[in-house]
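Open the model in your viewer and keep the selection tool at hand.

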Amino acid sequence: MLSNNIKMDLTNKNILITGAGSGIGKATALRLASLGANVVLAGRTEVALQTTMDEIEANGGNGFYKSVDITKETEVKTLIDDILNKYGKLDGAYNNAGTIGAFLPLVEQSEQDFDTTFTVNAKGVWLCMKYEALAMIRTGGGSIVNCSSWLSKGALVGSSVYSGSKAAIDGIMRAAALEWAQHHIRVNNIAPGGIATQMTRKALQSEENVVAFGKTHPIGRLGEPEEVAQLVAFLLSDSSSFMTGEHLLIDGGYTIPGQRS
């Protein structure tokens, strides 16, 4: 029987966050550390990872960081091995790393644009899930959360390849949730709407567009990375122990059918 007093507590849980140098990844790393987790920060930019870890340690948190290219299988495997060597097990993972790619009309996109976006957003997440799950199977289970997007079920002009790459990991997640439930591994995807990050600004191209896009959300603004981090923390904690295979929107009501004229 589960306790009636389950709390969002991650004390001594060992959790990997990819794309942890900025935006939602950084906000999530800070939040998980504040809840007691040992956080492992991964990403391509070592300086950004160091900055995040410095902030975590300044607030009394623990963990380490490693520069990793998630599209390279050997690097992902080595990252997971390093976590197991240091902590003995992996309890959770937030696969946040991704790319906006070339936000252009489909006929203006190149084959390289397609390959790059799918390699990072689909293959990279798939590789992380594979090695995270292998570690969790050996040590009794865990929770995996992937960062999808509202665009996996919607569209903007120029989003065709990005939307497709995020829809791909939604499909991967559902099958993985079925395969790994017997191993006590839960797998869920979050789907942020408009969040105030550099990636959003890159996609929208100007601050004027960013402000205008925020106003199209029923809640009247873009979301903050810290708000997404709260949802990730919930899914990684025992508070969500009966949830798996879910695609959870966090979008300020943007995708409510018929809300836009």
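Each stop below says what to select and what is there.

This is a predicted model, in which local features need pLDDT of at least 70 and side-chain atom pairs count only at pLDDT 80 or more, while totals for chains, interfaces and linings use all residues. Residues are numbered from 1 along each chain as its sequence is written, and side-chain values use heavy atoms, with hydrogens and water left out.

**The sheet**

Start with the strands. Helices (H or I, at least four residues) and strands (E, at least two) are DSSP runs, numbered from the N terminus. Seven strands form an open sheet in the order E3-E2-E1-E4-E5-E6-E7, with parallel pairing; two strands pair if DSSP finds at least two bridges between them. Select 62-67 and 247-250: these are the edge strands E3 and E7, each pairing on one side only. On average, neighbouring strands of this sheet are turned by 20° against each other, direction ignored (axes are lines fitted to C-alpha atoms, for helices over the stretch in contact, and angles run from 0 to 180 degrees between N-to-C directions).

Proline 192 stands opposite isoleucine 250 in E7.

**Helices on the sheet**

Select residues 46-58. This is helix H2, which packs on the sheet and touches strands E2 (38-43) and E3; the direction of H2 makes about 180° with that of E3. Contact means heavy atoms within 4.5 Å.

Next select residues 225-236, helix H8. H8 also packs on the sheet, touching E1 (14-18), E4 (92-95), E5 (142-147), E6 and E7, and its direction makes about 165° with that of E6.

**The largest pocket**

Select Asn96, Ala97, Gly98, Thr99 and Met199, which lie nearest the centre of the largest pocket among its 44 lining residues. About 960 Å³ of space lies in this pocket. Then show helix H6 (198-204), one of the elements that give two or more residues to the lining. H6 gives the largest share, five residues.

**The cysteines**

How many disulfides does the structure hold? It holds zero, a disulfide being a pair of cysteine sulfur atoms within 2.5 Å. For cysteine 128 the nearest cysteine sulfur, that of cysteine 147, is 13 Å away. Cysteine 128 counts as buried at 2% relative accessibility, and cysteine 147 counts as buried at 8% (buried means under 20% relative accessible area, exposed over 50%, partly exposed in between, with a 1.4 Å probe and protein chains only).

Methods:
1 Å grid on protein atoms, 1.4 Å probe; cavity = no way out; pocket = protein on both sides within 12 Å on 5 of 7 lines; lining within 4 Å. Points joined across faces, edges and corners; volume = space filled by probe spheres on them.
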